[in-house]
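Hi there,

Here is the structure I promised to pass on to you. Have a look at it first, and then read my notes below.

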Amino acid sequence: MNGKKVIATVIGSMPHKDAKRACELVFENFPVAPAWPQLPKRSFYEGMCQQISEGLPKVVLNEENNKMYFSLDGGIEKELEKFYERYLSDNPENFAISQMYSEGFYAFLDIAKKVKPEYLKGQLVGPISFGLTITDENRRAVLYNEQLADVVIKNCAMKMRWQIKEFLKISPKVIIFIDEPYLSSYGSAFMAVSRENIINYLNEVIDAIKLEGALSGIHCCGNTDWSLLTDTKVDIINFDAYEYSEKLALYSDSIESFIKRGGKIAWGIVPSSEKINDESIETLTQKLENGFKFLIDKGVDKKVLTDNFFVTPSCGVGSLTEEIAEKIMTATHNVVAKMG
């Protein structure tokens, strides 16, 4: 398709409970840009939101009932003071994610140190999705609490910086995705957050990623207003190209401007569902070609578009069976292999 090497990577979540096995699969299928596996079926603490909860003030984790929330009874001033002391120390090590919350991360580092791939990819849930998913004890989303919203954003930023620093000990090329599934609700009654605030919240995390010298990405697995993401400072936009390539083309002007300023599109062309059973490498490659054509027909420069893209599954595969998840990973690898 083009003279440049096509890079494939994976979103993050996997259904495996054996961290070493999950990592081996990642390195086998994504040797250029492997990503550490998040393993929500291994432990309650590896759930998307629980994983970044260490150190947050007034957070309650109830493993027995599979619940997480903030308890604001009695005030949060003392806990906020402790949090900001850690934040103002400007030491990402104070925001490390322990092995209890990320077995896959530590198993990934062990293998990465030996094979030293060109890129290392990390990811964590972003502040919008975390802040609208997790509530206080009165079931009010914490993103609507001004004090907690700032804590959530800064906590996310520092945990991103921490994992980048760990990766930089192995490779100078690091990619970090901010996972934001909740952005698919933008503009609906389920999301009373302004466009300006969303962009500002995301940019604070993106700035933290760039501060450490990594490439920043945003992953949204549903449809959204894609100009919302092109208006941020992000380097890579990852979307579900299997379902929404035509929808992305509605924002062709924003996408072309984004790419011309140095941005890249990560096409999630391999379905992260049992739909993979209905596809072949040939049909998926053709779907990707069709996705490009939607944008090219809207005036996006073909060379600019096809020189600046990644290939991924459409979403994480953590909720699937191991068999289907592995089939999706292999298919993604094979799509890239076919494209040369």
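**Aromatic residues**

One aromatic cluster is formed by F27, W36, F105, Y106, F108, W162 and F167. Please keep in mind that this is a predicted model. In total, the structure holds 15 aromatic pairs. Two rings also have a charged residue over the face: R86 lies over F95, at 4.5 Å from the ring centre, and K287 lies over Y242, at 4.6 Å from the ring centre.

**The sheet**

Seven of them make an open sheet with parallel pairing, in the order β1-β9-β8-β7-β6-β5-β4. At the edges stand β1 (7-8) and β4 (120-125); each has a single partner strand, so one side of each has no neighbour in the sheet.

Within the sheet, β5 (residues 174-179) pairs with β6 (residues 215-220) in the parallel sense, over five bridges. I176 stands opposite S216 in β6. Helix α6 (residues 195-211) packs on the sheet and touches both β5 and β6. The direction of α6 makes about 145 degrees with that of β6.

**A serine to look up**

Finally, find S314, in the loop between β9 (309-313) and α12 (322-339). Is S314 buried or exposed? S314 is buried: its relative accessible area is 6%, and buried means under 20%. The side chain of S314 reaches the backbone nitrogen of S272 at 2.9 Å. Leaving aside neighbours within four places in sequence, S314 is in contact with H219, C221, D240, G268, V270, P271 and S272.

Enjoy exploring!

Technical notes. Residues are numbered from 1 along each chain as its sequence is written. This is a predicted model: local features need pLDDT of at least 70, side-chain atom pairs count only at pLDDT 80 or more; totals for chains, interfaces and linings use all residues. Side-chain values use heavy atoms; hydrogens and water are left out. Two strands pair if DSSP finds at least two bridges between them. Helices (H or I, at least four residues) and strands (E, at least two) are DSSP runs, numbered from the N terminus. Contact means heavy atoms within 4.5 Å. Axes are lines fitted to C-alpha atoms, for helices over the stretch in contact, and angles run from 0 to 180 degrees between N-to-C directions. Rings of Phe, Tyr and Trp (its six-membered ring) pair if their centres lie within 6.5 Å; planes under 30 degrees apart count as stacked, over 60 as edge-to-face and the rest as tilted. A charge sits over a ring if NZ of Lys or CZ of Arg is within 6 Å of the ring centre and within 35 degrees of the ring normal. Buried means under 20% relative accessible area, exposed over 50%, partly exposed in between (1.4 Å probe, protein chains only). A polar contact is a pair of N or O atoms within 3.5 Å; within protein, one must be able to donate a hydrogen and the other to accept it, and residues adjacent in sequence count only if both atoms are side-chain atoms.
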